[in-house]
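Colleague: I'm new to this one, and I'd like to learn how to read it feature by feature. Could you walk me through it?

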Amino acid sequence: MKKRTLWIILTVLFAASAVYSIATIAEDGPSGLIGCVALAIIFGILAKRADPDARFKTKGKKPKQSSIICGDYTAVDLETTGFSPTKDRIIEFGAVRVRNGKPVKTYSLLINPEREIPTAVTRLTGIDDTDVDGQPTEAQAMPEFLKFIGNDVLVGHNINEFDAPFIASAATRLGLHIPANNTIDTLILSRTIFPNENRHRLVDLIRRFGIAQVETHRAADDALQTAQCYEYIKNYIKQNHIKIR
């Protein structure tokens, strides 16, 4: 149950009890009325302050993503002006929604970082200042991106060290709800499943798995390739009966 829902229910119940206490105040005294009014006010304040999406945690229940084998998820990738989630800015969102292991919808959007894009970033991604001129700002684009990913498990390459911190930092700056999606990192998976391999970059994976020879460094393309890498790793795990905690 959502926290706000419970607080609203309790507010209504104690407000109704307060109304009833007015009718019995001559017999029971004012203490019951005062207590009900106080509790109604307290729960009303809690309802107002509660995050609309916040839920009570179920004790002993593990998150759905306790297993790395996941059929429904969203693969994500970001292009940014640099490597610092606090100092740098996102310049492109890319996401691919996957259902039953198959891509069903793609999200791609260039972002105006409201600052110059470094030359090194343009060389890597091909994105320059003219590409992002007139595009939505981070503040305009972030709510739409968060709506697209929803509560899905997020799959990304180095997502725990790069994409997720950038998303959380942007949400914090904009005063938005920080997403609490579970994540699966294909970089960590690759290092775990293929410990004898020396390199585990996304480009290394797509070449090793026969997906492609080139990493474009464009968010939507990289998100799709990450999903393809994840599907390859899942099949490899199943076929070889590998157990991973």
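**Reading the features one at a time**

Modeller: Let's begin with exposure: Asp133 counts as exposed, because its relative accessibility is 60%, and the cut-off for exposed is over 50%. Keep in mind that this is a predicted model.

Colleague: Which residues form a nonpolar patch on the surface?

Modeller: Those are Val37, Ile41 and Ile45, and together they have about 240 Å² of accessible area. Take Ile45 as the example: helix H3 (residues 31-49) holds Ile45, and with a relative accessible area of 41% Ile45 is partly exposed.

Colleague: Next up, salt bridges. What's the general idea?

Modeller: Side chains of opposite charge can pair when their charged atoms come close. In this structure, a search of the whole model finds six salt bridges.

Colleague: Let's take Glu92 and Arg218. What is the N to O distance in their salt bridge?

Modeller: The side chains of Glu92 and Arg218 meet at 2.9 Å, N to O. This pair links distant parts of the chain, with Glu92 in strand S2 and Arg218 in the loop between H9 and H10, 126 residues apart.

Colleague: Is Glu92 buried or exposed?

Modeller: Glu92 is buried, with a relative accessible area of 3%.

Colleague: How far apart are the closest N and O atoms of Glu197 and Arg208?

Modeller: They are 3.8 Å apart, and Glu197 forms a salt bridge with Arg208. Here Glu197 is in the loop between helix H8 (186-193) and H9, Arg208 is in helix H9, and the two are eleven residues apart. Glu197 is partly exposed, with a relative accessible area of 37%, and Arg208 is partly exposed too, with 25%.

Colleague: Now polar contacts. Which side chain does the side chain of Glu231 contact?

Modeller: It is the side chain of Tyr73, at 2.7 Å. Glu231 belongs to helix H10 and is buried, with a relative accessible area of 17%.

Colleague: Which side chain is joined to that of Thr81 by a polar contact?

Modeller: Asp88 is the partner, and the contact is 3.2 Å. You'll find Thr81 in the loop between strand S1 (73-80) and strand S2 (90-99). Thr81 counts as buried, because its relative accessibility is 5% and buried means under 20%.

Colleague: You mentioned Tyr73. How far apart are Gly101 and Tyr73 in sequence and in space?

Modeller: From C-alpha to C-alpha, Gly101 and Tyr73 are 8.4 Å apart in space, and in sequence they are 28 residues apart. Gly101 is located in the loop between S2 and strand S3 (102-110), and Gly101 is buried, with a relative accessible area of 16%.

Colleague: Last one: backbone angles. What should I expect of phi?

Modeller: Most residues other than glycine have a negative phi. In this model, His217 has a positive phi of about 60° although it is not a glycine.

Colleague: Where is His217 found?

Modeller: Look in the loop between helix H9 (202-208) and helix H10 (219-239). His217 counts as partly exposed, with 21% relative accessibility.

Colleague: And what is the phi of His241?

Modeller: Phi of His241 is near 50°, a positive value in a residue other than glycine. His241 lies in the segment after H10 and is exposed, with a relative accessible area of 69%.

Definitions and conventions
Residues numbered from 1 in each chain as written. Predicted model: local features only at pLDDT ≥ 70, side-chain atom pairs only at ≥ 80, totals over all residues. Heavy atoms only, no water. Buried < 20%, exposed > 50% of the residue type's maximum accessible area, 1.4 Å probe, protein only. Helix = DSSP H or I, 4+ residues; strand = E, 2+ residues; numbered from the N terminus. Polar contact = N/O pair within 3.5 Å; in protein donor to acceptor, adjacent residues only side chain to side chain. Salt bridge = Lys/Arg side-chain N within 4 Å of Asp/Glu carboxyl O. Patch = residues over 30% accessible without salt bridge, like charges linked within 9 Å, V, L, I, M, F, W, Y side chains within 5 Å. Areas by Shrake-Rupley, 256 points an atom, 1.4 Å probe, with all protein chains shown as cover.
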